Amino acid sequence: MESQNDVFRLPPYLLKTPYGESLKKQLVQPVGLTKSFSQASRLSTYGVMGSMPARFSDSDYDQSLVSMLTPHPSRAGGSVSGTPSVFKYPLPLKWIVNPNTQMTVTDGGLSLKVDQVRTAVSSSSISKNYDFHNAKANATVPVQAGVFYYEVKITNATNNSNKSCCDVSIGFMLASVGTVTKMAGLEIGTYGFNGHEGTTTSNQTVMRRYNREFGQGDTIGCGVNFATKKVFYTKNGIYLGTAFKDINKPIIPIISLKSGNAISTNFGMQEFLFDIEGYIDQEKRKVTQKVMDHTSTGHGTGPDISPADMDLRVNTNTDKELPSLMQKLVSSYFDHLGYVDISKTFSAEVKREQLEGSTKMGSNIVLSDEEMIDDKESTVEEKNLKVRQQIRKNLLEGDIDGAIKLTNAHFPKVFAEHEEILFKLSCNKFIELIKRSDIDDAIQYGQSLREKYNENTRYQEFLNDIFSLLAYENPQESEFGYLLKEGEILKISDELNSEILKSLGKSSVSELESLIKHTKVMLNVLSLDTAQPDTLLLTNEEFGL
């Protein structure tokens, strides 16, 4: 059976929210070199993908593989720790009903039906709203979700032989509510849109006319926008407007059916009739406009800002300083990574723009000798920058030995204090040999790695992973193919660079990275604060992160 990670796809509209971004990271989180050293799954020495690749037909190769892929004796039969867990989707995917209900559940919990029961019930009596059978979704929708939406199609309607309306009520219930025995909306903490009269009701209040009734063949969408604290509905892809307000607590989808009615549901695994993605984009534009109106100096389109609110505006003097601040952050980031040439080019371009700007303004900017870029003898700082740049270049070009040699020569404390980084680099030398299809050299080097780290049980799992690449005819397409991607060596290059900087008494994180991390944490904190709901819709992309 395939794991949910292999087949599950997040509803596209969720990816437009910070909550969806976090789910995506959980769904596609590979086990890489910079993660804990754990093995995705154990592979047998022979016949990993069926028959052995042709290159292993030679008996000498067989013996080499045996020595490489056989774990240390002390680990034989040991359990594999740290194996990635299967992703579990936290939002509703199906309906669940009470065991003693007359409601029939099919299609994996997406379709519900209540068989027709002939009873003499007055159509004008309010008691008819108590003869409903209820189902609720299998999961809670947290406030942090930002937006949640689902659609219900009425597949059968029985309402006095009038198929244009139905005894179905669609909506939400607060997660804190227990068992619901009445129609959604007729109990405290429940909200529903009833197809019989097109009315909405909540918390036992009187029914309110919301729209026209709905019936067989109609598709009703139900959504919540926690940023605005509103519940809305759609009919056959058309937005019907706000139905309920002040929704700021976790909720669960709920549906109520009387006998003879049937429905099918889409919780986002199929395309919706309603353009929910367009709706979210529109709501984001409203939030952005609100921010611009709040920080404008009177040229915005929003209402006048009171004197008390003026103190909350962005300092305009600070705004003028932002370009210079950003330029310094970018320049320091290049220096941090060791991109000497790029840093010099960027700084020269900035100074050129400053000179051109001062000329147009009729003023002169005199740059000090320290600010001018020249070709004089490099300082110790710049020499270190150039060495770090060369180390990164060697790694990206696959020259692992060259990078190790330079690091040992100029920054000897790094490997002495961080053996793990040297191990990762050594593993990448093996991976580079696989990339170049130097199988003989890869096997020989792999044997030396196994021997060198044979007593280090912490590294054995990952060695098994990289050695397993030899057992595939096309290792790029294997479950360990991610190890061959350029992104992996970039991660190690960044990690090595950070440790070098720490050995020099510098920060391992650039000022720009620190600012970005701080901003992300701030956004996350704000998204957890129900008093700051607008942040529930703005993703890292909207903030340029």
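Does Glu 283 count as buried or exposed, and at what relative accessibility?

1. Glu 283 has 8% relative accessibility and therefore counts as buried (buried means under 20% relative accessible area, exposed over 50%, partly exposed in between, with a 1.4 Å probe and protein chains only). Glu 283 belongs to helix H4, residues 276–295 (helices are DSSP runs of H or I with at least four residues, numbered from the N terminus). Leaving aside residues up to four places away in sequence, Glu 283 touches Asn 225, Thr 228 and Leu 537 (contact means heavy atoms within 4.5 Å).

2. This is a predicted model, in which local features need pLDDT of at least 70 and side-chain atom pairs count only at pLDDT 80 or more, while totals for chains, interfaces and linings use all residues. Residues are numbered from 1 along each chain as its sequence is written, and side-chain values use heavy atoms, with hydrogens and water left out.

3. Helix H8 (residues 380–396) and helix H9 (residues 400–410) have axes that come within 7 Å and cross at roughly 160 degrees (axes are lines fitted to C-alpha atoms over the stretch in contact, and angles run from 0 to 180 degrees between N-to-C directions). H8 is therefore roughly antiparallel to H9 (angles over 145 degrees).

4. In H8, Val 387, Gln 390, Ile 391, Asn 394 and Leu 395 meet Ile 400, Gly 402, Ala 403, Leu 406, Thr 407 and His 410 of H9.

5. The whole structure contains zero disulfides (pairs of cysteine sulfur atoms within 2.5 Å). Cys 222 counts as buried because its relative accessibility is 0%, and Cys 427 counts as buried because its relative accessibility is 0%.

Note on methods
Helix = DSSP H or I, 4+ residues; strand = E, 2+ residues; numbered from the N terminus. Parallel < 35°, antiparallel > 145°, perpendicular 65-115°, else oblique.
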